[in-house]
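Student: Can you walk me through the pockets in this one? I have not looked at it before.

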Amino acid sequence: MQNKLYNLQERPNKELITTQDGTQTLYSKEFDECYHSTKDGALKESLNKHIIPAFKLQNKGSLVVLDICYGLGYNTLTTIYYYQKHRPNTKLHIIAPEFDKELVESLKDFNYPKEFNNLKDIINAISKTGSYTSNNLKVTILFGDAREQIKNIDTKVDIIYQDAFSPKKNPALWTKEWFADIKKISKADAIITTYSVATPIRLSMYENGFKIYTQPKTEVRSGTIASLKDLNLEQVDMKLKKIRNKSAKPLSDKDLAS
Ligand SMILES: C[S@@+](CC[C@H](N)C(=O)[O-])C[C@H]1O[C@@H](n2cnc3c(N)ncnc32)[C@H](O)[C@@H]1O
């Protein structure tokens, strides 16, 4: 049954979609794209593409996560759910840019999966104020354009969930210049998780000093892990890719203007 509380008449640019794992997402008419993979499922995608791979690679007592972008909050909420279950003593600070304030304000009524049942206070606080703070957890939504907001972040991050709409639909959040700004606020051992496996996007990260790895196989389609430190994963030889494909180049802000 569709969630009656989530009033889509007030959000004419969005459509509610039930994904393969039974969890709900939205389709954005503005970007002509779903917020999550309908085939993988919203919760499954969040867990397998972002939260679990990053959880396995970054085992510190205190972590700063950059969630690009907040959207329906699945990545932020799944992170909180997963750490509360498996590493409850970890201190988490999650920073998430998002320009759709109206969407975030509406999420108190969203029909989230049962895994988020214990997070109701957090969901309500974020929806109401754009932030939440407790002993071990801080969530900060930066309302506005991520390209601008990233310049205001004055703390270094350990993990970046790069989960914008696709490079085709939202190219500004996939360029070499965007990843240069991400690099500036990254710790020396920071990692990026993303669903994109496209060579221009991998080059956008690689040409900023990130090493490129194939995500280990999970229940969902494979993605990319980019890392500033060496990882014990299958590395993609980007030098060889450039030799073999002379026309391969990173996506650039210059391509957006034309
Ligand atoms: C694919 S959705 C993110 C899904 C989210 N990670 C989740 O787990 O629910 C992409 C989000 O990026 C936001 N967005 C797109 N371009 C943006 C920009 N330049 N600045 C801030 N937010 C942006 C959209 O409003 C949308 O909420």
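Tutor: We will take the pockets, then one serine. This is a predicted model, where local features need pLDDT of at least 70, side-chain atom pairs count only at pLDDT 80 or more, and totals for chains, interfaces and linings use all residues. Residues are numbered from 1 along each chain as its sequence is written, and side-chain values use heavy atoms, leaving out hydrogens and water.

Student: What volume does the largest pocket have?

Tutor: About 650 Å³. A pocket here is an open set of points on a 1 Å grid over the protein atoms alone where a 1.4 Å probe fits, with protein on both sides within 12 Å along at least five of seven lines. The volume is the space filled by probe spheres set on the points.

Student: Which residues lie nearest its centre?

Tutor: Y35, D163, A164, F165 and S166, out of 37 lining residues, each lining residue having an atom within 4 Å of a point.

Student: And the second largest pocket, which element gives the most to its lining?

Tutor: α1, with five residues. The second largest pocket has a volume of about 180 Å³, and its lining includes N48, P216 and L233.

Student: New topic. Where is S196?

Tutor: In the loop between β9 (186–194) and α7 (199–206).

Student: Is S196 buried or exposed?

Tutor: Buried, with a relative accessible area of 6%; buried means under 20% and exposed over 50%, with a 1.4 Å probe and protein chains only.

Student: What does S196 touch?

Tutor: Not counting residues up to four places away in sequence, S196 touches P167, W174, I201, G223 and T224, where contact means heavy atoms within 4.5 Å. The S196 side chain also reaches the backbone nitrogen of A198 at 3.3 Å.

Methods
Helices (H or I, at least four residues) and strands (E, at least two) are DSSP runs, numbered from the N terminus. A polar contact is a pair of N or O atoms within 3.5 Å; within protein, one must be able to donate a hydrogen and the other to accept it, and residues adjacent in sequence count only if both atoms are side-chain atoms.
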